[in-house]
Amino acid sequence: WPESPPFTQKDFFRADEGDDENFYTLPRLVYHIDEPAVASLTQYYRANIKPGSSILDICSSWVSHYPLEFKDNMKRISATGMNPLELMANDQLTDYEARNLNINPALPYEDNSFDVVTCVVSIDYLIKPIEILKEVHRVLKPGGKVIISQSNRCFPSKAISMWLNMNDRQHLELINGYLQYAGFGKAQAYDITASVPGERFNDPMFIVEVTK
């Protein structure tokens with residue numbers, strides 16, 4: 001990646017530039033990835049987030065896909081998301097705040113507050129991703145990590161234009177670029193797509209992870 005972000009305003013154009021809060025007014029209490037992808041992500045979290053951690057889930061909803069035991073063995077699970085009713089329904093959260101990060105990318109937390117920040121299949125909707133990830137960097141403790149998960153499913157009208165014109169590999173490279181411009185080092189990418197006997201087509205699932 002070049003020294004300065006090469007992105008233009010056109011790259012972040014969306015087919016539906018209407019108010020995001022109107023789009024997300026009604027709760028969508030459904031999974032946005034298939035069940036094998038959910039299970040794979042949950043297992044990744046179980047293997048890679050230590051008990052006693054303080055976790056922040058950005059762009060959250062009625063479910064964060066954390067293992068069930070996280071509610072009891074994590075120090076704190078906080079979240080920001082678009083819909084307060086969905087966040088209210090997320091029974092794993094210690095606390096939450098409804099916030100449209102495309103309007104206000106500032107995270108309502110103190111510096112060095114969290115051990116882990118997660119973002120599930122939502123980075124493609126952000127029109128200020130570098131600003132938001134700079135905030136993620138700020139609220140992470142030294143040695144804390146970001147876990148961004150991504151598939152190829154989305155609301156096309158709300159995804160940014162350059163995302164829609166990229167393949168899976170390019171999506172991962174783009175997220176890596178965002179993270180570098182936000183002050184992180186080089187990230188690692190993993191393909192955690194589930195393999196289900198007898199099923200040829202499952203949602204792909206990828207992780208981009210980096211440590212502060």
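I looked up Ser149 and found it in strand β5 (strands are DSSP E runs of at least two residues, helices H or I runs of at least four, numbered from the N terminus). The model is predicted: local features need pLDDT of at least 70, side-chain atom pairs count only at pLDDT 80 or more, and totals for chains, interfaces and linings use all residues. Residues are numbered from 1 along each chain as its sequence is written, and side-chain values use heavy atoms, without hydrogens and water.

Ser149 counts as buried because its relative accessibility is 0% (buried is under 20% relative accessible area, exposed over 50%, partly exposed in between, with a 1.4 Å probe and protein chains only). I listed its contacts (heavy atoms within 4.5 Å), leaving aside neighbours within four places in sequence; among them are Leu41, Tyr45, Cys119 and Phe206.

Next I checked helix α7, residues 168-181. At 1.5 Å a residue, its 14 residues should span 20 Å (1.5 Å times one less than the number of residues). The end C-alpha atoms are 20 Å apart, which agrees. Its buried residues include His171, Leu174 and Tyr178. They pack against α5, β5, α6, β6 and β7. After α7 comes Gly183, with a positive phi near 105°.

Then I searched the whole structure for aromatic pairs and got nine (ring centres of Phe, Tyr and Trp, its six-membered ring, within 6.5 Å; planes under 30 degrees apart are stacked, over 60 edge-to-face, the rest tilted). Phe7 and Tyr178 pair edge-to-face, at 5.8 Å centre to centre and 70° between planes. The two are 171 residues apart, with Phe7 in the segment before α1 and Tyr178 in α7. Phe7 counts as buried at 18% relative accessibility; Tyr178 does so at 0%.
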